[in-house]
Each structure stands twice: as structure tokens, then as C-alpha cells.
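Student: I have this structure open on my screen. Please take me through it with some questions and answers.

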Amino acid sequence: MDEKILNLKNQLEAELSDINDLNDLDKIRVAYLGKKGSITALLKGMKDLSAEEKKAFGADVNQLKNYATEKIESKITELKEKEIQAEIASMPLFDVTTPAPLERGSYHPITLVQRQCEKIFKSMGFTVEDYPEVVTDYECFEAVNIPKHHPARDMQDTYYLENGQLLKSQTSAAQNAILRKYSKNLIEKDIPIKAIFPGRCFRNEATDACHENTFFQMEGVMVDKDISISNLIFFMETMLSEVFQKEIKVRLRPGFFPFVEPGFELDISCLICGGEGCASCKHSGWLELCPCGMIHPNVLKEGGIDPEKYTGFAFGLGLTRLAMMKYGIKDIRDLNSGSLKVLSQFTDDE
């Protein structure tokens, strides 16, 4: 190897052995490998060499360049590791089992309302069921008396997936499965079907203060012999009075929903004006809360239940709307915003 190259190599090794700082190391990198560095300068002296000498000298310079690059990168890794270890060593010792000094979070208002409703319905003998958010067209529509091309489907702008499934647009998607799950107990043991199934729903809606594309509902059903609309009114009045901690008046208005017959819109007396009439209730004294009605015979048949022997009611309670009314939330978008400033106002009041 050429003497200049050998000397430069020995000089680099000596300087690297004394370096303990990344800034100084970078200066060495520039001094040797930069455009005006020592190794680069070696190539400028090749003009006076013969072709054969140039080939050998150039190979030696490239070998030195690769060697220098490797040694410098290795030194960079070594110094960075030393910095990390030094930082760790400088940290004060602490007990990892000590609770973090952070404020406790609060439950989401919809979670609070859902838990409260579940507790109330459990006390009245209802079971709480869970159901997937991704369902089939049959579950969401056909099983609840909404066949393909039925105009009622136009009421729900649905998110369909490439595999033909969809994000459930209503908690009614679980109704058929619940009826089939408990139909045997109903028929063979005379045990009424009493179940609620809360869940998240999705519709391709334009968002504003009153509409969201993601919201929460709670479906409820009760099936037995001689079930009537009076049973529906009783359970809804009882549940709402418990939620709002005061007597709540309800009324039923005729409404069309394919899975119930007859179908109703259930309204509650306005909680803001006490039924006197205000801007929130459009001066009617009533607030629309949930669709409900007597389960359609076709839905009972699809669930394996004889509609000649059994009747039942179903309701779809908007948990999102219920939370807004209970906590005075004026903009539905606040509930999905993830804003701690908004959501930290609520605490578990159970």
C-alpha cells in the first residue's frame, strides 16, 4: 500500500480513538471524506501516475475510503449508545409500581347513559346482548321485514363493504338472532323473551348539530303471550323516569317501520320547558325519542316464533339523543370529537 495512504489510515485511527463527542466526530468525517477532505485529495495526485499505477493507487484509495466510512459509522453508533446510557444513568430512580400522578379520566356520556339503561332494564328482567357491527344484508334488512328493493331502505344510506356485508345501520340487525336464541325457552318453557341490545350504528349522513354518521342505539324486545302496547308504554315510562330521575310523560304517534305493526313514534314531554312549549321542542311541548311498536308477524315467523300464539313489542332507543337530552349537549358532533374539554365534564354518576 502507498506510504501516503498508510500514513493517512494510521492518522485516522489515532484521531478516532481520542474522540468522545459526536460534533468532533463529524468534523473528522468532513476532514477525511468531505469534498476537500484528505482522502479525496489523494485522488488529485493521480494525474502524474501511469495507467497501471493509477489503477493500483485508485483501488487503494477506494479501499481506504470504505475503511474510513466504516470506522466513522461504527464510532457514531458507539457514541450514540454512550449518550443514551449516560442519559439513563442521570435519571433519578423511581418505583415503577407507583401510580402515575395523573388525573383520572371520565366516562363518555353515552357510556354513562348506556350503563344506566342496562341497569334499569336488568332490574326489570331483561338480558343485555351484544352483536357485531359488521352484519349481512339479511340480518340488517331482510330478517326484519325489509326485503330487497323495499322503499324503506331509502331511509338509510348504508355503508356497504366489498364482500357484500355492511356496517349495521340499525340495532334491529340483531333482532332475528335474539329471537332465535331464546325462542326455544319461550316455546318449551314459557319463559318470555326480554332482551336489550345496545350498539354503534353507521349511516352515510351529512353531519350537522343534530346528525352524525356514527351514533349509538339500544334495541329492546319483549315477546310472550298477550303482550300489548300497554306493556310497551309501561316499560318505556319506567326506564325514562329512572334515567331522568323524575316522572316522564310519554305519548305515541302513528309511524311506519317495516318491522313493527302497528308502529309508533314515542315522544316524551319536553324536559326543558316542562311541556309548556319552547324552541327546543318547536313549541309543541314534546320531544321525539324513539320508534317502537308491536313486532310484525313476519319478523316473529323469521325468528322461529308463531305469531298466532305470541306477540311482542320492540323499540329502538337513541342512546346518543338520550345522552344529549340528559346532559344538555347541543351539538351531536361533540360526542365523537374526542375533545377532553367537552367530555371531561362528565363523571360516573351511578
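Student: At what pLDDT do side-chain atom pairs count here?
Tutor: Residues are numbered from 1 along each chain as its sequence is written, and side-chain values use heavy atoms, with hydrogens and water left out. This is a predicted model, where totals for chains, interfaces and linings use all residues, local features need pLDDT of at least 70, and side-chain atom pairs count only at pLDDT 80 or more.

Student: What is the phi of Asp190 near?
Tutor: Asp190 sits in the loop between helix 7 (175–189) and strand 4; helices (H or I, at least four residues) and strands (E, at least two) are DSSP runs numbered from the N terminus. Asp190 is a residue other than glycine, yet its phi is positive, near 55°.

Student: Where does Asp226 lie, and which accessibility label does it get?
Tutor: Asp226 also has a positive phi, about 65°, although it is not a glycine. Its place is the loop between strand 5 (214–224) and helix 8. With a relative accessible area of 73%, Asp226 is exposed.

Student: How many salt bridges does the structure hold?
Tutor: Side chains of opposite charge can pair when their charged atoms come close. A salt bridge here is a side-chain nitrogen of Lys or Arg within 4 Å of a carboxyl oxygen of Asp or Glu. The structure's count is eleven.

Student: How many residues apart are Lys82 and Glu78?
Tutor: These two form a salt bridge, with the closest N and O atoms 3.4 Å apart. Lys82 is partly exposed at 44%, and Glu78 is partly exposed at 34%. Both lie in helix 4, about one turn of the helix from each other: four residues.

Student: How far apart in sequence are the parts that Arg200 and Glu133 tie together?
Tutor: The two side chains meet in a salt bridge, 3.0 Å from N to O. Arg200 is in strand 4 (residues 193–202) and Glu133 in the loop between strand 1 (127–128) and strand 2 (134–135), so the pair ties together parts whose separation in sequence is 67 residues.

Student: Which residues are linked in the salt-bridge network with Arg251?
Tutor: Arg251 bridges to Asp267, with the closest N and O atoms 3.0 Å apart. That pair joins strand 6 (residues 250–254) to strand 7 (residues 260–269), 16 residues apart. Arg251 is partly exposed at 30%, whereas Asp267 is buried at 2%. Linked with Arg251 in the network are Arg253, Asp267 and Glu288.

Student: Which residues form a negative surface patch?
Tutor: Patch residues have over 30% relative accessible area (Shrake-Rupley, 1.4 Å probe) and no salt bridge; like charges are joined within 9 Å, and nonpolar side chains within 5 Å. Asp and Glu count as negative, with the charge placed at CG of Asp or CD of Glu. Glu83, in helix 4 (residues 51–90), is partly exposed at 49%. The patch is formed by Asp21, Asp24, Glu83 and Glu87.

Student: Which kind of aromatic pair do Phe235 and Phe313 form?
Tutor: Rings of Phe, Tyr and Trp (its six-membered ring) pair if their centres lie within 6.5 Å; planes under 30 degrees apart are stacked, over 60 edge-to-face, and the rest tilted. By this rule there are six aromatic pairs. Phe234 and Phe235 are edge-to-face, at 5.3 Å and 70°. For Phe235 and Phe313, the centres are 5.9 Å apart and the planes at 40°, so the pair is tilted.

Student: Which residues do ring pairs link into a cluster?
Tutor: Phe235 is buried at 8%, and Phe313 is buried at 0%, whereas Phe234 is partly exposed at 48%. The cluster links Phe121, Phe126, Phe234, Phe235, Phe313 and Phe315.

Notes. Buried means under 20% relative accessible area, exposed over 50%, partly exposed in between (1.4 Å probe, protein chains only).
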